[in-house]
Amino acid sequence: MLNFDFYNPTQIVFGKDRIADLAKLVPLQARVLILVGGASAEKTGTLAEVRQALGARQHETFSGIEPNPGFDTAMKAVQQVRDGGFDFLLAVGGGSVIDAAKFIAAAVPFEGDAWDILLKRGSNIKTALPFGTVLTLPATGSEMNNGSVITRRDIGAKLPFRSRHLFPQFSVLDPTKTYTLPPQQIANGVVDAFVHTVEQYLTYPVNAPVQDRFAESLLQTLIDIGPRLLAATEPNYDDRASLMWAATLALNGLIGAGVPQDWATHMIGHELTALHNIDHARTLAIVLPAMLNERRVQKRDKLLQYGERVWGIRSGSDDERITAAIDQTRDFFERMGIPTRLSAYGLAADAIDVVISQLEAHGMTKLSERGDVTPAVSRRVLEAAL
């Protein structure tokens, strides 16, 4: 096991009817800006619950945070915070709203051009506004980590950043708030959490059985509940609760502590989203199977372990077992209704050059746990994903 530091101060408030707990979670004197995406929080009554729980606290709402939150939109919220003197942010939504909240929290007190936060991956963040979250779409794990991704559409950039200052103070996780989600968003959430787990697990062995078994249990849980969530005619609380908690645990730092991490699939996926507006989880489903096959030699030991422990693959040669594990992964994504080929999204070989150019422009030239995913390797991965 590698040396590591682990720090996560986020309080999780989990279960039915927990939005009422905002009355004691948000400071009494706070001036709160509520951040939401579209109209769903209002339509479902979640926003009304939030406002009721805030009581007499001064609050306003900023709406319009889009999927893959945009820099320009977030900067409008920054201006509203500054103009209104707000000192606490409350993100009500999924990973995009929470990611935006992190950027806004950092940008409000930031001196200089806020785009530098992204260019320097958050290393220049010295302080941030306090914020909490009410999660309505389980997927990204942003509700219990210090990372975020912001998109700047005018230049086709989607960049990650993180800072010790950007952990939510608390996150309210009520599985019933997922009941109105459409099947596509449920499928995206399952696949997003799955690939988050894989990026920290499918690397190379460092004798970390606790992290390995923890990651494998998350993958097995997602494989078990994913198809059932899509097939259910009525929402099942236990399955929704399992998805919500699995997605949170997949990226709160625990399974990645003391082990090498990859993230090459994510970096390539970010470029596909920025350029073609494909849902984040769907870009991951496109890239991951091709990436695993391209790097089957470097990941050999963990791919064999993954095949045996997660998919029960115990027969055949090593190469056959690795192929079967990758095939099972692709099949799982397809069973979740998520196509795993670029062609399914109307993209052909001529789209690859632009993706590679963007990777190079953003410094993504030595990706993976070993730093060996060069632009040439990324090109082969995308060609294999056609």
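1. Which helices are included in what covers the buried residues of α12? They include α7 (183–201), α8 (209–231), α11 (280–294) and α13 (318–335). Buried means under 20% relative accessible area, with exposed over 50% and partly exposed in between (1.4 Å probe, protein chains only).

2. The model is predicted: local features need pLDDT of at least 70, side-chain atom pairs count only at pLDDT 80 or more, and totals for chains, interfaces and linings use all residues. Residues are numbered from 1 along each chain as its sequence is written, and side-chain values use heavy atoms, leaving out hydrogens and water.

3. Helices here are DSSP runs of H or I with at least four residues, strands are runs of E with at least two, and both are numbered from the N terminus.

4. Among the buried residues of α12 are Lys302, Tyr306 and Trp311. After this helix comes Gly312, with a positive phi near 70 degrees.

5. Helix α8 has 23 residues and reaches 34 Å between its first and last C-alpha, close to the expected 33 Å. A kink of about 30 degrees lies at Ile225, shortly before Pro227; the bend is the angle between axes fitted to the seven residues ending at a residue and the seven starting there.

6. Ile225 is itself buried, as are Leu222 and Leu229, among others in α8. The buried residues of α8 pack against α7, α9 (237–249), α12 and α13, where contact means heavy atoms within 4.5 Å.

Terms used: The expected span of a helix is 1.5 Å times one less than its number of residues.
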